[in-house]
Amino acid sequence: MENLQTILQSATPVLIDCFATWCGPCKMVPPILKDVKARLGDTLRIVQIDIDKNPKLAAQWQIASVPTLLLYREGKLLWRQSGVVPAHQLIPLLNSYIQS
(Lines give C-alpha, C1' and ligand atoms only; values in the text may rest on other atoms or scores of the structure.)
Protein backbone atom coordinates (compact mmCIF):
# COMPACT_ATOMS: atom_id res chain seq x y z
CA MET A 1 0.00 0.00 0.00
CA GLU A 2 1.17 3.50 -0.79
CA ASN A 3 2.22 5.53 2.19
CA LEU A 4 0.11 8.49 3.22
CA GLN A 5 2.74 11.12 2.35
CA THR A 6 2.84 9.85 -1.24
CA ILE A 7 -0.96 9.91 -1.43
CA LEU A 8 -1.12 13.48 -0.06
CA GLN A 9 1.42 14.69 -2.65
CA SER A 10 -0.75 13.40 -5.50
CA ALA A 11 -2.16 15.74 -8.14
CA THR A 12 -5.49 13.94 -7.59
CA PRO A 13 -7.33 15.51 -4.64
CA VAL A 14 -7.47 13.30 -1.56
CA LEU A 15 -10.39 13.49 0.87
CA ILE A 16 -9.44 12.18 4.29
CA ASP A 17 -12.15 11.07 6.69
CA CYS A 18 -10.81 11.18 10.25
CA PHE A 19 -13.07 9.04 12.41
CA ALA A 20 -13.26 6.94 15.55
CA THR A 21 -15.12 3.66 16.00
CA TRP A 22 -16.86 4.95 19.16
CA CYS A 23 -18.15 8.11 17.40
CA GLY A 24 -21.88 7.99 16.57
CA PRO A 25 -21.91 10.73 13.87
CA CYS A 26 -18.88 9.07 12.22
CA LYS A 27 -21.12 6.14 11.28
CA MET A 28 -23.14 8.50 9.05
CA VAL A 29 -20.10 9.41 6.93
CA PRO A 30 -19.29 6.17 4.97
CA PRO A 31 -22.61 6.15 3.03
CA ILE A 32 -22.05 9.84 2.19
CA LEU A 33 -18.53 9.08 0.97
CA LYS A 34 -19.82 6.15 -1.06
CA ASP A 35 -22.26 8.52 -2.78
CA VAL A 36 -19.47 11.08 -3.33
CA LYS A 37 -17.19 8.39 -4.83
CA ALA A 38 -20.02 7.13 -7.08
CA ARG A 39 -20.55 10.64 -8.45
CA LEU A 40 -16.97 11.91 -8.63
CA GLY A 41 -15.22 8.63 -9.48
CA ASP A 42 -11.48 8.80 -10.11
CA THR A 43 -11.32 12.61 -9.89
CA LEU A 44 -11.03 12.15 -6.12
CA ARG A 45 -9.37 9.68 -3.79
CA ILE A 46 -10.93 8.92 -0.40
CA VAL A 47 -8.93 7.70 2.59
CA GLN A 48 -10.34 6.85 6.01
CA ILE A 49 -8.16 7.23 9.09
CA ASP A 50 -9.06 5.92 12.53
CA ILE A 51 -7.66 8.56 14.90
CA ASP A 52 -7.39 6.03 17.76
CA LYS A 53 -5.08 3.86 15.64
CA ASN A 54 -3.16 6.90 14.33
CA PRO A 55 -2.76 9.26 17.31
CA LYS A 56 0.36 10.94 15.86
CA LEU A 57 -1.54 11.90 12.70
CA ALA A 58 -4.50 13.12 14.74
CA ALA A 59 -2.14 15.32 16.75
CA GLN A 60 -0.30 16.54 13.65
CA TRP A 61 -3.58 17.52 11.99
CA GLN A 62 -4.96 18.90 15.28
CA ILE A 63 -8.10 16.78 15.08
CA ALA A 64 -10.16 17.99 18.05
CA SER A 65 -13.45 16.34 17.07
CA VAL A 66 -14.61 13.60 14.77
CA PRO A 67 -15.70 13.21 12.10
CA THR A 68 -13.32 15.67 10.44
CA LEU A 69 -12.86 15.81 6.68
CA LEU A 70 -9.61 17.10 5.18
CA LEU A 71 -9.01 17.75 1.48
CA TYR A 72 -5.43 17.67 0.21
CA ARG A 73 -3.86 18.09 -3.22
CA GLU A 74 -0.13 18.15 -3.96
CA GLY A 75 0.63 18.18 -0.24
CA LYS A 76 -1.48 21.26 0.50
CA LEU A 77 -4.53 21.34 2.75
CA LEU A 78 -7.29 22.92 0.64
CA TRP A 79 -10.29 22.51 2.95
CA ARG A 80 -11.27 21.03 6.28
CA GLN A 81 -14.46 20.71 8.24
CA SER A 82 -15.56 18.91 11.37
CA GLY A 83 -18.98 17.32 11.58
CA VAL A 84 -21.14 15.43 9.11
CA VAL A 85 -21.42 17.13 5.71
CA PRO A 86 -24.34 15.86 3.58
CA ALA A 87 -23.47 14.61 0.09
CA HIS A 88 -25.55 17.34 -1.60
CA GLN A 89 -23.28 19.97 0.05
CA LEU A 90 -20.04 18.02 -0.16
CA ILE A 91 -20.12 17.15 -3.87
CA PRO A 92 -20.32 20.75 -5.24
CA LEU A 93 -17.68 21.87 -2.75
CA LEU A 94 -15.29 19.08 -3.75
CA ASN A 95 -16.02 19.71 -7.44
CA SER A 96 -14.92 23.34 -7.03
CA TYR A 97 -11.51 22.15 -5.83
CA ILE A 98 -11.24 19.32 -8.38
CA GLN A 99 -11.85 21.68 -11.29
CA SER A 100 -9.55 24.48 -10.09
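Biologist: Which residues sit on the face of α2 turned away from its buried side?

Modeller: Pro 31, Lys 34 and Ala 38, and they count as exposed. Exposed means over 50% relative accessible area, buried under 20%, and partly exposed in between (1.4 Å probe, protein chains only). Bear in mind that this is a predicted model, where local features need pLDDT of at least 70 and side-chain atom pairs count only at pLDDT 80 or more, while totals for chains, interfaces and linings use all residues. Residues are numbered from 1 along each chain as its sequence is written, and side-chain values use heavy atoms, leaving out hydrogens and water.

Biologist: Why do you say the buried residues of α2 line one face?

Modeller: Those residues are Val 29, Ile 32, Leu 33, Val 36 and Leu 40. Looking down the axis of α2, they fall within an arc of 95°, so they line one face of the helix. The arc is that of the directions from the helix axis to the C-beta atoms.

Biologist: What does the buried side of α2 pack against?

Modeller: Against β1 (14–19), β2 (45–50), β3 (68–73) and α4 (87–98), with contact meaning heavy atoms within 4.5 Å.

Biologist: Why are β2 and β4 called edge strands?

Modeller: Two strands pair if DSSP finds at least two bridges between them. The open sheet runs β2-β1-β3-β4, with mixed pairing, and β2 and β4 (76–82) each pair on one side only, hence the name. By contrast, β1 and β3 are joined by 5 bridges and run antiparallel.

Biologist: What makes a group of residues a nonpolar core?

Modeller: They must be buried Ala, Val, Leu, Ile, Met, Phe, Trp, Tyr or Cys, joined through side-chain atoms within 4.5 Å. The largest one has 18 residues, and Ile 16, Cys 18 and Ile 63 are among those with the most contacts inside it. β1 gives the most to this core, with 3 residues. A second, separate core has 16 residues, including Val 29 and Leu 40, both among the buried residues of α2.

Definitions and conventions. Helix = DSSP H or I, 4+ residues; strand = E, 2+ residues; numbered from the N terminus.
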